[in-house]
Amino acid sequence: MNHKELWKAAFGDTDQYISYYFKEKAGRSRIYSKYDGGSLVSMVFFTPYEVLYRGKECICPYIVGVATEASHRRRGYMRMLLEQGLLEAEERGCDLAFLCPADEKIYEPFGFRGVQYRKQLVVSGVENVCGQYEVNCFIELTEDEKMKAADFAADLLASSGFDLYMKRSTAYYERVQKEMEALCGNVLVLRENSAVRGIAAYTYEEGQYDVTELICAESDGQEAVETICGFLANGNAEEIMFSDGQFLDRVEGAGMIRKTEHKPSIMLRELVEPRGAEELRVYINDIT
């Protein structure tokens, strides 16, 4: 078994997404692996991301691909690989490490704590919803327009008081664009008279649209949601999930249901200077 095969067995992702991941992300990750008789039996990926942490730009690992082949579980392999990766990240001076847990109880013994709980908005009856913003696919914009969209997101996040979030740039959104395409989705930029009003990313899997991120001013949330719903409804959608509802507290209307997950979407461990992770305001999506 190799890394792609173990990934497929553990997570059930499509071949299209796995191909994307190993082409675009695995090469820049630190991959910790355990073999038995020449066959891969356990793995952990530490993928570096540029983040803003307490106002400082730094590079920290996002831990993904944590998996052990079924017949080799409960032998301590995952613990060994995870501890090795965390130790080396600390030695490199990384401020923190974070992950999206399948089960938070797995990671609590390693010092990880829940810091973000996803707020969701489910909108049904979207065939009757129509917003007024212009919708552009990020990939179709000029380089100057792409930069303006990325700067819009960076400025809004900087002014929102978050202690930790991914650094936004044109390069960042170009990577997100590739990831969304691997999941049959896209990155959208919402504009009004050339002014950027929002930037969103969505996937389309098993007949369900999932807006994995929508960054906009809270005062523009209603119009942004209605615009996206109207745009996606052309694909015969009946219901749209906004799994990122961070900026949508003012959105309301018929057919809208709010949900807050009780399981953390992001867990974090401060490595160099622990200062109480639970108190951090964090904005990170698990698809980035």
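Which residues lie nearest the centre of the largest pocket? The close-ups below start there. This is a predicted model, where local features need pLDDT of at least 70, side-chain atom pairs count only at pLDDT 80 or more, and totals for chains, interfaces and linings use all residues. Residues are numbered from 1 along each chain as its sequence is written, and side-chain values use heavy atoms, leaving out hydrogens and water.

**View 1. The centre of the largest pocket.** Phe-11, Gly-65, Cys-100, Pro-101 and Ala-102 lie nearest the centre, in a lining of 49 residues. A pocket here is an open set of points on a 1 Å grid over the protein atoms alone, where a 1.4 Å probe fits, with protein on both sides within 12 Å along at least five of seven lines; lining residues have an atom within 4 Å of a point. The space in this pocket comes to about 1,500 Å³, a volume being the space filled by probe spheres set on the points.

**View 2. The elements around the largest pocket.** Strand E3 (56-68) is among the elements that supply at least two lining residues each, as are helix H1 (3-11) and strand E10 (195-205). E3 gives the largest share, seven residues. Helices (H or I, at least four residues) and strands (E, at least two) are DSSP runs, numbered from the N terminus.

**View 3. The second largest pocket.** Here the volume is about 180 Å³. Of its 14 lining residues, Gln-116, Tyr-117, Lys-119, Gln-246 and Val-282 lie nearest the centre. Strands E5 (113-116) and E15 (282-283) each supply at least two residues of this lining.
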